[in-house]
Number of protein chains: 2
Amino acid sequence: MDPSIAQLSLDHESRIEHDDHQAIRLWLRLLTCTNLIERHLRNRLRSEFDITLPRFDLMAQLAREPQGLTMGDLSQRMMVSGGNVSGIATQLEKEGLISREPVPGNRRAFCVTLTAAGNKRFAEMATAHEGWIVDCLGELSDAEYEHMMAMLKDIKAGVSAIKD
Amino acid sequence: MDPSIAQLSLDHESRIEHDDHQAIRLWLRLLTCTNLIERHLRNRLRSEFDITLPRFDLMAQLAREPQGLTMGDLSQRMMVSGGNVSGIATQLEKEGLISREPVPGNRRAFCVTLTAAGNKRFAEMATAHEGWIVDCLGELSDAEYEHMMAMLKDIKAGVSAIKD
DNA sequence: ATGCGATATTTTAAACATAAAATGTTTCTT
DNA sequence: AAGAAACATTTTATGTTTAAAATATCGCAT
């Protein structure tokens, strides 16, 4: 066999294997960072506002859409299952922070909105929440921020294109 | 007031506010990417190997340390609570994939290892798992990979330094 | 009109996660 | 040696998450 061919294919193999390990390492570091930040946010929401992250997230979605969202909209935007939204919404409703009103023309759907109390409470929490995130991620330069956003955008697009 | 001073502080304020929004956007995108990939891995592990991600993660820790790990080691390396490890280990033991043996000199601790069946099964899964991660993250160039790793390292260090 | 498939939501069962209490073991101090 | 403190693990209570089943409604093609 031509030794240059053998050399080429060997290089190819080692490059592939090297890339594999790279990707694994990147994934593990990505996961660690995200989990660290998420845990931090979760702890502070609990200790300072006595609320869980999922409840806060649901309220954040509603705060962006003052006209309200259906349960299905919430499920889609929060990227969690419908049953999950159902449980979280039940609790927030019990606390008086959101309301579920029937939709005039559609007896299947509910329109979920923040109550006045919910709006007030969310405004307080959102300010603190933003600060915590800046504490975690605010040290990056503008260039690093842009680069990171661009890479994550590509990754997101690539992963979304994979069929389960 | 000196107008140049006013201008400076205004710029400062607006820069801060701009950074805030940047950090939030970056956090949301980071979270979305991580969740997408994690969900993909979870689905494939379930559909192709009928195993959950936490169980796979526990086995992965053991595969790296053939001499075995204690429950406490596992808890620390997986960054989850001891009670959680206890439950996952109970199930894996029931499936015959790991074994919990008493440690000779210490009757408090257990030495957890992969069984022969566990080793064989993990080897099959690990190959597929690596491939899935490369599918998700393998498109980055070496430079992008290095840059991303470096940024995440800084972020990890910064977040770890924050006291809860 | 009627019935069938799609839609919107809730309920249920199983797995996972945590914090805190309980259990048993080891080590240190006196 | 006895007691206290620290350690390793499990148990318990509570809550989150998902997939799948159940419930109810809607819209459309016959």
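The model is predicted. Chain B and chain A bury about 5,600 Å² between them, and the contact draws 49 residues from chain B and 49 residues from chain A.

**Interface between the chains**

- Carbon and sulfur atoms give 73% of the area of about 5,600 Å² that is buried between chain B and chain A.
- On the chain B side, the residues that lose the most area to chain A are B:L26, B:W27 and B:R29, which together give 12% of what that side buries.

**Helices α3 and α4 of chain B**

- The axes of helix α3 (residues 71–78) of chain B and helix α4 (residues 82–94) of chain B come within 9 Å and cross at roughly 110 degrees; because angles of 65 to 115 degrees count as roughly perpendicular, α3(B) and α4(B) are therefore described as roughly perpendicular to each other.
- The crossing in which α3(B) passes α4(B) is right-handed.
- To this contact α3(B) brings B:M71, B:L74, B:S75 and B:M78, while α4(B) brings B:G82, B:V85, B:S86 and B:A89.
- Among the residues of the contact of α3(B) with α4(B), five are nonpolar, three are polar and none is charged.

**A:H129 in chain A**

- A:H129 lies in helix α5 (residues 116–137) of chain A, and its relative accessibility is 10%, so that A:H129 counts as buried, the cut-off being under 20%.
- When residues up to four places away in sequence are not counted, A:H129 touches A:L41 and A:F56.

How values were computed:
Residues are numbered from 1 along each chain as its sequence is written. Chains are lettered from A and ligands numbered from 1 in the order in which they are written. This is a predicted model: local features need pLDDT of at least 70, side-chain atom pairs count only at pLDDT 80 or more; totals for chains, interfaces and linings use all residues. Side-chain values use heavy atoms; hydrogens and water are left out. Axes are lines fitted to C-alpha atoms, for helices over the stretch in contact, and angles run from 0 to 180 degrees between N-to-C directions. Helices (H or I, at least four residues) and strands (E, at least two) are DSSP runs, numbered from the N terminus. Angles under 35 degrees count as roughly parallel, over 145 as roughly antiparallel, 65 to 115 as roughly perpendicular and the rest as oblique. A crossing is left-handed if the near helix is turned anticlockwise from the far one by less than a right angle, and right-handed if clockwise. Contact means heavy atoms within 4.5 Å. Ala, Val, Leu, Ile, Met, Phe, Trp, Tyr, Cys and Pro count as nonpolar, Asp, Glu, Lys and Arg as charged, and the others, Gly among them, as polar. Buried means under 20% relative accessible area, exposed over 50%, partly exposed in between (1.4 Å probe, protein chains only). Buried area is the accessible area (1.4 Å probe) that two parts lose on being put together, summed over both.
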